[in-house]
Amino acid sequence: MNYQQYYPVDVVNGPGTRCTLFVSGCEHQCRGCYNQSTWRLDSGHLFTPQLADQIIADLNDSRIYRRGLSLSGGDPLHPANLSGVLKLVKRVRAECPDKDIWLWSGYQLSELTDAQRDIVRLVDVLIDGKFEQALADPALEWRGSSNQVIHRFAL
Ligand code: SF4
């Protein structure tokens, strides 16, 4: 798996202060996509075990409290990203039990495959659906267009 950016301290992508990982790879090709440079799976940098360790350490860093991890992209539920993302969310669940996980995907909850659902089962919040330029609204919280849905799961 490749990633575009990792922000160890982020106050924009989700509630509170968070760690945020933007993975590479997206097949949705939304018109008006804010970041087409994330579409290619081989763009960005290789996601290494060292970076996974760093994310876990950052989430548990008591000097700067982080509420949780945000996973965006690109698309964390792109088929090529599933094994890397599943491994990471399993680690966060096991090693950072008091942190929440938010995940943004262009796939809709109702159309997810079993392998994608294996990840979604482990997150607290899924914001789903493609970005629709005609429904874009900068006043929306945590989403770009009004067709996208914020699903909050009780784990
Ligand atoms: S899902 Fe997100 S990253 Fe993918 S094309 Fe749409 S807006 Fe861009």
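Two strands pair if DSSP finds at least two bridges between them. In this predicted model, 7 strands form an open sheet with mixed pairing, in the order β3-β1-β2-β4-β5-β6-β7. Strands β3 (45-46) and β7 (149-152) stand at the edges with a single partner strand each, so one side of each is left without a neighbour in the sheet. Helix α1 (residues 49-59) packs on this sheet, where it touches β1, β2 (18-23) and β4 (68-72). The direction of helix α1 makes about 155 degrees with that of β2.

**Pairing within the sheet**

- As a general principle, strands of a sheet pair through backbone hydrogen bonds, either parallel or antiparallel.
- Strand β1 (residues 2-10) runs antiparallel to β3, and 2 bridges join them. Within β3, Leu 46 is the residue that stands opposite Asn 2.
- Strands β1 and β2 are also antiparallel, and they are joined by 5 bridges. Tyr 3 has Val 23 of β2 as its bridge partner.
- Strands β2 and β4 run parallel and are linked by 5 bridges. Two of the facing positions in β4 are Gly 68, which stands opposite Arg 18, and Leu 69, which stands opposite Cys 19.
- Strand β4 is in turn parallel to strand β5 (residues 100-104), with 4 bridges between them. Leu 69 stands opposite Ile 101 in β5; Leu 69 of β4 also faces Cys 19.

- In β2, 6 of the 6 residues are buried, and the strand is mostly covered.
- Both faces of β2 are covered.
- Strand β4 is largely enclosed by the rest of the structure, because 5 of its 5 residues are buried.

- Strand β4, helix α2 (residues 82-95) and strand β5 make a right-handed β-α-β unit.
- The loop between β4 and α2 contains Gly 74. The peptide bond from Gly 73 to Gly 74 is cis, with omega near 15 degrees.

**Loop residues with positive phi**

- Gln 29 is placed in the loop between β2 and β3. This residue is not a glycine, yet its phi is positive, near 50 degrees.
- Gln 29 has 10 other C-beta atoms within 10 Å, and it is therefore exposed, given that a residue counts as exposed with 12 or fewer.
- Trp 142 lies in the loop between β6 (125-128) and β7. Phi of Trp 142 is near 70 degrees, again a positive value in a residue other than glycine.
- Trp 142 counts as partly exposed because it has 14 C-beta neighbours inside 10 Å. That number falls between the limit for exposed residues, 12 or fewer, and the limit for buried ones, 20 or more.

**Surroundings of the ligand**

- There are 13 residues around the ligand, and Cys 26, Cys 30, Cys 33, Gly 106 and Phe 131 come nearest among them.

Definitions and conventions
Residues are numbered from 1 along each chain as its sequence is written. This is a predicted model: local features need pLDDT of at least 70, side-chain atom pairs count only at pLDDT 80 or more; totals for chains, interfaces and linings use all residues. Two residues are in contact if their C-beta atoms, placed from the backbone, lie within 7 Å. Axes are lines fitted to C-alpha atoms, for helices over the stretch in contact, and angles run from 0 to 180 degrees between N-to-C directions. A residue is near a molecule or strand if its C-beta atom, placed from the backbone, lies within 6 Å of it. A crossover is right-handed if, with the strands pointing away from the viewer, the path from the first strand over the helix to the second runs clockwise.
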